[in-house]
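Thanks, everyone. Let's get the structure up on the screen and walk through a few spots.

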Amino acid sequence: MSLTHVCVWDGKAGYRRVSIEEACSMYPYTVAANRGIFVCSLCAQNVGLTAPGANIRHFRHTSAAQKKECEDRAQAYARASTGYNCHPMPLRIKVSRGNYLLELGFFHAPSSVTGGPLCQKIIITDDNKQEHVHSFERLSSEGITYLNVGNIPSTEYHLSYDHPSSNLDRYWPPKTTGVNSSGSFFDYSSGKILHSGSKAYPYQDYYLLQCRSIGYVPHGISYESIAETRTGSYTTWYLYKIHVQDFSASVARFFLERSIFLTEKPVAFYPVWPPYIENPYFLYHNDSRMYFYMQGEDAELNIYPASMHTQHENLGGGKLYRLYAASKEQLLSLGQSGSIGFSYLMTKNLDMVAEAPQVQIKSIDGNVIAEAVCNRLPKRKQITIQTPFDGKVIILKNDRILEIRHVVAEQMITIDELSFGSEIQIFQSCDLIRTVKFEKLKGNTNYTVMDQDMVQKLNNCNGPVMAVPHSVGAIVRELSNFPQSKKWLYQVIRRGEIPVDAFKLLVSYKTTRREIEKHD
């Protein structure tokens, strides 16, 4: 079977697409697959180049097993034209204090589906025959809900449903891809898995989960051991934090061994028109005509069900696509055979209001910065910012702009050399979402206002919880001027657990109070 999606290593661009004509000019004679020169961009396996002769030269896999894997991968995305259930379901890892959990994401059925719930229960079975049962009522009414599938990885998850509706199989599959047997990478910031054929980028952090110790690590990669999990079959899974410090062929090969391509040129996806509301994996719009821009060498976009009116033209190193919606619900496949991801297109009246993006601002030691005005500088005068969407950060000093930095969705950036008088403005698209100012404390502090402000922020902490530590007693003693906050904390102590972000916020307020007393 002749292959058309083949890459070759380029010292400047990383793995890039190569045509059969270019490959033949580079290598006039046969190239064995085991030389590792040419790589299939669908399954990340080495491929060979046939010798000149009676047959036309072409790329091909060398074993039936590898060839079948690649064909199955390509056909899986082709089948998406008949439904929405043929792509891998979202999988992510959550890491906390040396432990981790895996979670599988489920899309709620679109609003056009009527007739009650899709099912009563969702049963997820892993390779070890362990079942994870969840009620359908746990799923959010919009977007995606992640369900716990434990801390023992599975290469495949089988899905069954209690009392399924007649149209359930249109949206959820009977099985989905899990962790690669050779090891899987997860984005460090979002926890999302990088499926086979996806791209990784230098100078970023990733989690690596695999069923063997890390072994040889090339120069240009540093790592930290996070956790080990032993299964009943005497298999041990190892979780590492990987930091990519260099861009080289040996580093790229480390990723390619786990079916991931390292590149310095990311592929970006931008909806252009019409106006839309975006939630994770969903784009809501109200126009049959749509324009999208994909930037990068591998800029491929396909829509399912297929439309006869899909057109594109090359533009600025990418492609501008014009699509016409063939139905109210369609699926966009992004990148080669969906390797970048996918997104649902939903026709809907835009009388809905999107939630404000949740921007994470932390000090360099991990403490959450929830205040709009900070009266002390963070550790090392540095903060990190992570946003769910592309945008920009404007850095000001005494109301004068020092720098404007572009931020990429879910990628963490660091801002340093902060001082009193600094102000950080965070934009998502064209909207100003957060501001943080660093100002020196002034005398006659209004504790009542600070108390009200802190209680409001504490009530908004709805993330992961932890057992109330003994150190909380010291925090209580520091809250003599914060009666409402003290009352909130006593209620938490009686429950025995506290949101992690709330505890960090209380610690930061305790320090702030000491700074106030120095200046009052």
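Does Glu 103 count as buried or exposed, and at what relative accessibility? Glu 103 counts as buried, because its relative accessibility is 11%, under the 20% cut-off. Keep in mind that this is a predicted model.

Now its partner. The side chains of Glu 103 and Arg 92 meet in a salt bridge, 2.7 Å from N to O. Arg 92 sits in strand β6 and Glu 103 in strand β7, so the pair ties together parts eleven residues apart in sequence. Arg 92 is partly exposed, at 23%.

The whole structure has five salt bridges. Another one joins Glu 257 and Arg 258, at 3.6 Å. Here Arg 258 is buried, at 2% relative accessible area. Glu 257 is partly exposed, at 47%. Then there is Glu 403 with Arg 405, at 3.9 Å. Glu 403 is partly exposed at 37%, and Arg 405 is partly exposed at 24%.

The search finds five cavities of 30 Å³ or more. Strands β19, β21 and β22 each supply at least two lining residues. Among the lining residues are Val 272, Trp 273, His 285 and Phe 292.

Stay with Trp 273. This residue lies in strand β19, residues 268-273. Trp 273 is partly exposed, at 41%. With Tyr 270 and Val 272, Trp 273 makes a nonpolar surface patch of about 280 Å².

Notes: Residues numbered from 1 in each chain as written. Predicted model: local features only at pLDDT ≥ 70, side-chain atom pairs only at ≥ 80, totals over all residues. Heavy atoms only, no water. Patch = residues over 30% accessible without salt bridge, like charges linked within 9 Å, V, L, I, M, F, W, Y side chains within 5 Å. Areas by Shrake-Rupley, 256 points an atom, 1.4 Å probe, with all protein chains shown as cover. Salt bridge = Lys/Arg side-chain N within 4 Å of Asp/Glu carboxyl O. Helix = DSSP H or I, 4+ residues; strand = E, 2+ residues; numbered from the N terminus. Buried < 20%, exposed > 50% of the residue type's maximum accessible area, 1.4 Å probe, protein only. 1 Å grid on protein atoms, 1.4 Å probe; cavity = no way out; pocket = protein on both sides within 12 Å on 5 of 7 lines; lining within 4 Å. Points joined across faces, edges and corners; volume = space filled by probe spheres on them.
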